[in-house]
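Here's a quick briefing to read with the model open beside you. Take the topics in any order you like.

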Amino acid sequence: MTVELPEGYEPTPKEDYMNPLQLEYFRRQLIRWRGELMTEAQETLDNLRDKSYQEVGDEADRASRESEHGLELRTRDRYRKLQRKIEQALERIEDGSYGYCEDTGEPIGVLRLKARPIATLTIDAQERREMKERVLADR
């Protein structure tokens, strides 16, 4: 089923939650974000390839280049993890669970999803999880 989004459509909390327009809006946002990440990841790979063929100067130049490579590799790893979360969000749209908290089943909320379309928890559930992690880390 194809859903046509009106020009400039933005989901609001006043609408029926996760109606077809909202789902299509978030699906498009996630697909656009995934495409941007793929482009940036390719640019990172291209940068790494280009820089690896450059002549290495003194030790300071070499250290600087290695630091840049490390940063680019960490960035690429973050993109890879984020892309997986985007794929999981798209799967939730398909199976009908998108927009609902994986801990409580409650609506996550349109405003939170607009800010973080890959969110899987309500703010309260996220805070409880972080509190639990801090308590376990302090042991």
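Glycine 109 makes contact with Tyr17 and Gly99, once its neighbours within four places in sequence are set aside. You'll find glycine 109 in the loop between α2 and α3. Keep in mind that this is a predicted model.

- Glycine 109 and tyrosine 9 sit 100 residues apart in sequence, and their C-alpha atoms are 17 Å apart in space.
- Leucine 5 belongs to the segment before α1, and its relative accessibility is 18%, so it counts as buried, the cut-off being under 20%.
- What does leucine 5 touch, not counting residues up to four places away in sequence? Its partners are Leu21, Glu24, Tyr25 and Arg28.
- Leucine 5 and glutamate 127 are 122 residues apart along the chain and 33 Å apart from C-alpha to C-alpha.
- Methionine 18 is also in the segment before α1, and it has a positive phi of about 55 degrees despite not being a glycine.
- With a relative accessible area of 10%, methionine 18 is buried.

**The helix α2**

**The nonpolar core**

- In soluble globular proteins, nonpolar side chains tend to be buried together.
- Here the largest nonpolar core holds 22 residues, and those with the most contacts inside it are Phe26, Leu30, Ile86, Ile93, Tyr98, Leu113 and Ile118.
- Two elements give two or more residues to this core, α1 (20–52) and α2 (59–95), and α2 supplies the largest share, six residues.
- Leucine 30 touches Ile86, Ala89, Leu90, Ile93, Tyr98, Pro117 and Ile118, leaving out residues up to four places away in sequence.

**Isoleucine 118**

- Look for isoleucine 118 in the loop between α3 (110–115) and α4.
- Is isoleucine 118 buried or exposed? Its relative accessible area is 6%, so it is buried.
- Isoleucine 118 and phenylalanine 26 are 92 residues apart in sequence, yet 9.4 Å apart in space, C-alpha to C-alpha.
- Beyond its neighbours within four places in sequence, isoleucine 118 is in contact with Leu30, Trp33, Leu82, Lys85, Ile86, Ala89 and Arg92.

**The largest pocket**

- Rolling a probe the size of a water molecule over the atoms shows where empty space is left.
- In this model the largest pocket has a volume of about 200 Å³.
- Its lining is made up of Lys85, Gln88, Arg92, Arg112, Arg116, Ile118, Ala119, Thr120, Leu121, Gln126 and Arg129.
- The elements giving two or more residues to that lining are α2 and α4 (123–138), and α2 gives the most, with three residues.
- Sorted by class, the lining has five charged, three polar and three nonpolar residues.
- Isoleucine 118 turns up in the pocket lining and also among the core residues with the most contacts.

Key:
Residues numbered from 1 in each chain as written. Predicted model: local features only at pLDDT ≥ 70, side-chain atom pairs only at ≥ 80, totals over all residues. Heavy atoms only, no water. Core = buried A, V, L, I, M, F, W, Y, C linked by side-chain atoms within 4.5 Å. Buried < 20%, exposed > 50% of the residue type's maximum accessible area, 1.4 Å probe, protein only. Helix = DSSP H or I, 4+ residues; strand = E, 2+ residues; numbered from the N terminus. Contact = heavy atoms within 4.5 Å. 1 Å grid on protein atoms, 1.4 Å probe; cavity = no way out; pocket = protein on both sides within 12 Å on 5 of 7 lines; lining within 4 Å. Points joined across faces, edges and corners; volume = space filled by probe spheres on them. Nonpolar A, V, L, I, M, F, W, Y, C, P; charged D, E, K, R; others polar.
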